[in-house]
Amino acid sequence: MMGAERISISRFLSLRSGGARINSADALTYLYLTFGTILMFGPVLWLVASSFKTQAGLVKYPPPLLPYQQVQVEVEGFDKALPLFTVTMEDGSSRELAQIRRVGIEARMVDPADPAAGEIKVNIRQREPVEEVKLAWENYLDPLVELENFDFVTYLKNSVVVTTVATAITLVINSMAGFALSKYKFKGRDAIFVLFISTLMIPITVILVPVFLVITSIGWKNNLWGVIIPGAATPTGIFLLRQYMLTIPDELLDAARIDGASEWHIYWRIILPLARPALAVLAIFSVMWRWNDFLWPLIVLSQNDLFTLQVGLNAFQGELQIQWHYVLAMTVVTLLPITLVFAFLQRFITTGIATTGMK
Amino acid sequence: MGESVRKPLRLLNVLEAIARPLLLIPVAVVEFVLTPIQKRVGIDKMGYFFVLPNLLIFGIFVLFPMLLNFYYAMTGGTKLFPQDRPFVGLDNFATLFDCEDFLSPNSCQEDLFWRGISNTIQFVVLQVSGIVLFSLVTALVLNRKIVARGFFRSVFFYPVLLSPVVVALIWKWVLQHEGVLNAIVEIFGGESKRWLLDINWAMFWVVFVSVWALMGFYTLILLAGLQSIPPELYEASSIDGANHWQDFRFVTMPLLMPTMFVVLVLSLIRAVQMFDHIFVLTGGGPGTRTQLMVQYIYTTGFSNQIQLFGLSAAASMVLGISLLVLTLLQLRLGNQSSLA
C-alpha cells in the first residue's frame, strides 16, 4: 500500500515536500476522479434522462435536465384532456387556464375550476405552459408494439439467439480443442496449436470478401448461422482453456482411465467441471463479443427481419428523419443487459481481463 | 481468480442445472459412438477427434478464406463466385497504387483509399497516444490510496462493455447541434457548432469518443502492472534517498515498461482496424474526413452499388500486411525489451 501511494505521488512533481503536498496531491486525485466520473457516466445518464422525454421535449434548447411534460387536465364538458397554461391577464394577475384550441395568435381557454364561466380568449404570447416532471414511457412501449421500420422484438430475439447459440458453440468446441491440445500427444498437435494462435491478430476485417463467399455458397447469407459460425473458433478461447487445462494434473485422467472411463467421459465429467473458472471467463467475453458485434452481421444480414439489435439500431438511426425519442429509448434497452451483467459480475470481469489480458 | 469467481460460478451452476437434462441424450449418443472408435484408434489419437470441430470451423472460415483472399485480390469484375471472375493479375494493386503523388490523395485513382490511409494514420497516432496517456494517468490515480477504489475503477471501465453502436449513439446525441454540449459551451460563452459536421472537429471527436470507449480496458491492464511492482523496491529507493520523481523514473517506469508495451501494441492493432464507432458516429464524414481503411474495404466490397470484391480484397491485404508488420514489430521489440 505504501508503495502504491508513492508511485502516483510522483506525478505531482511541481508540488514540493512538506505536509501540504499530500493534501494537494489528494485534492488533485479526487478532482481527476470527479471529473472522470462525470465524463464517463455523464453521457450515459444524459442518454437515459433524454430517453424519457417526449418528442416535443427533445427539441427544446437549451435542453432541460429532467423530462418535463405539459400538465394535462380533465375539464368537465370536454372529451379529451386539455393542456394547462399559466396566463398573464391584462390586469397583470396570472391564472391557470386550460386551452381548448388555438386559432392563429389567439388561444381559446377555459378555467378548469369553473368551466361554466365559458371561453376566455387569450393572446398566445401571454401564456406559458405549466410543466411537470413526467416520464415518457411511450418511447419504450411503442417500439414493443409496432413501429414501422423498427421491429424491436424481432431484433432482440435475433440478438439473443445469436449470442446464446454462438457462446454455447464456442464453449463446447474451444474446450474440446483446448482439451486435445493440452492432454493428448498426437502428431501435428503443436503445429495445430501454433496455427490457431497465429490468427490471434488476424481479424475478420482482413478476410471479409472470401468469408462472405463461403457463407453465400453454404446458403447462409441472410441467415443467423452465417453470423454465428464464422467467429466460433476463437483463438483466444482455445489459448485460455488450453493454458488452464494444462494445470489439471494428468494423474486425475489416468485414475479415471483405470476405472474404465472413456475419453469422452473424462472430458465431460472431469475436465469441463474442473475448467469452470476459465469457461466462465470465456462465456462472459463471448457474450460481450456477440452482443456487441456489428460489422459482420451488417454484411451477412440485409433482411430487416433478421437484423440483430446493433444492426437494427444503426439502420433506424440512419433514417433521414431520426426519431430520436425512439432511438434513445432503444439505445437504453440495448445497453441494459450489458450494464446488468457488469453490475453483477463487475469484479469478476475486471480481474478476468487483468489476468488474461484479453477483450 | 480466487473468491471473485464464486458469483459467476453460481450463475453457471444454475445454467448447468438447466442444460444437464437437455444434454443427457446427445452426450450419451456421442459417448456411444465414440467408445468403439476409441477402442480402435487408442487413447492418444482421440485428440484428433476433440480438436476436429474447432479445426473444421477454423479451416473453413479462417484458413481457407485467408488463402482465397489472395486469389480475390487478383481477379476483377463484380461477380462473387470465383469461377465467374476474370483473372487480372496485379491490376487491383496497380489501381490502388496508381498515384502521381503518394502524399496527396487527390492525385490518386483510388483517392478514397489513400484518404482512408492518411486518415487512418492520423487517427492511429492521435488515438493511441490519447489512450496511452489517459490510461496511464488513470491507472496511476487509481493505484493511489483512495476511497471507493472499486467504484472508480468500474466507472472508467464501464464504457468498455458498451457496444460501439450504443457508444456512437450516446455521443451523437450529446454532440448534436441542439445537444447538451452546445448548451454547456454557450453557458461558458462559446459558440455552438455542428461538431460532427465540422471539418476541423470531426476527427477530434471521433478520436475522443473512441478513447472514451476503450481507455478503461487499458487502464485495467496498466493497473495490474502497477500492482505487480513489489513495494520493497520503493522502500529500497527511499533508503537510497530517492525523491518521488526518481521513484517514478527509475522504479515505476522501467518495471511498467513491458505492460506499457502490451498496451501500446494492443491499442495500435485495434486502432488500425477501427470501424464500428466511426461508421455510426459520422459515417466517415463530413465528406471523407473520418473515413478509415476498414470503411473503404467495406464500402468498396459491400455497400456500393457496384461491388468491387477484388479491389476490396486487395485493400484488405494492405491492411493485413500492416497488421502483420505491427505484430512482427511487437515480437521483435518485445524480445528486445525483455532482454534489456
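The model is predicted.

Two packed helices are described by the angle between their axes and the distance between the axes.

| Helix pair | Angle between axes | Distance between axes |
|---|---|---|
| H4(B) (residues 111-142) and H8(B) (residues 202-227) | about 40° | 7 Å |
| H8(B) and H10(B) (residues 244-272) | roughly 165° | within 9 Å |

H4(B) passes H8(B) in a right-handed crossing. On the H4(B) side, the residues in contact include B:Gln122, B:Phe123, B:Leu126, B:Gly130, B:Ile131, B:Phe134 and B:Leu142. Their counterparts in H8(B) include B:Met203, B:Val206, B:Val207, B:Ser210, B:Leu214, B:Tyr218 and B:Leu226. By class, this contact of H4(B) with H8(B) contains 17 nonpolar and 7 polar residues, and no charged residues.

For the second pair, the angle is over 145 degrees, so H8(B) and H10(B) are roughly antiparallel to each other. The crossing of H8(B) and H10(B) is right-handed. H8(B) contributes B:Tyr218, B:Ile221, B:Leu222, B:Gly225 and B:Leu226 to the contact, while H10(B) contributes B:Leu256, B:Thr259, B:Val262, B:Val263 and B:Ser267. The contact of H8(B) with H10(B) has 7 nonpolar and 3 polar residues, again without any charged residue. B:Tyr218, B:Leu222 and B:Leu226 of H8(B) take part in the contact with H4(B) and also in the contact with H10(B).

**Nonpolar cores**

The largest nonpolar core has 163 residues, of which A:Leu282 and B:Ala315 touch the most other members. H8(B) gives the most to this core, with 17 residues. When neighbours within four places in sequence are left aside, B:Ala315 is in contact with B:Leu96, B:Phe113, B:Tyr296, B:Ile297 and B:Thr300. Another core, of 11 residues, lies apart from the largest one; among its members are A:Val75, A:Leu82, A:Leu97 and A:Ala107.

**Backbone features in loops**

B:Gly285 and B:Pro286 are joined by a cis peptide bond, with omega about 0°. B:Pro286 belongs to the loop between helix H11 (276-281) and helix H12 (293-303) of chain B.

Positive phi values in residues other than glycine are found at A:Asn222 and B:Ala148. For A:Asn222, phi is near 55°; this residue lies in the loop between helix H7 (208-218) and helix H8 (224-228) of chain A. A:Asn222 has 14 other C-beta atoms within 10 Å and is therefore partly exposed. For B:Ala148, phi is about 55°, and the residue is located in the loop between H4 and helix H5 (149-161) of chain B. B:Ala148 is exposed, because 10 other C-beta atoms lie within 10 Å and the limit for an exposed residue is 12 or fewer.

Conventions:
Residues numbered from 1 in each chain as written. Chains lettered and ligands numbered in written order. Predicted model: local features only at pLDDT ≥ 70, side-chain atom pairs only at ≥ 80, totals over all residues. Axes fitted to C-alpha atoms, helices over the stretch in contact; angles between N-to-C directions. Helix = DSSP H or I, 4+ residues; strand = E, 2+ residues; numbered from the N terminus. Left-handed = near helix turned anticlockwise from the far one by under 90°. Contact = placed C-beta atoms within 7 Å. Nonpolar A, V, L, I, M, F, W, Y, C, P; charged D, E, K, R; others polar. Core = buried A, V, L, I, M, F, W, Y, C linked by C-beta atoms within 7 Å. Buried ≥ 20, exposed ≤ 12 C-beta atoms within 10 Å, placed from the backbone. Parallel < 35°, antiparallel > 145°, perpendicular 65-115°, else oblique.
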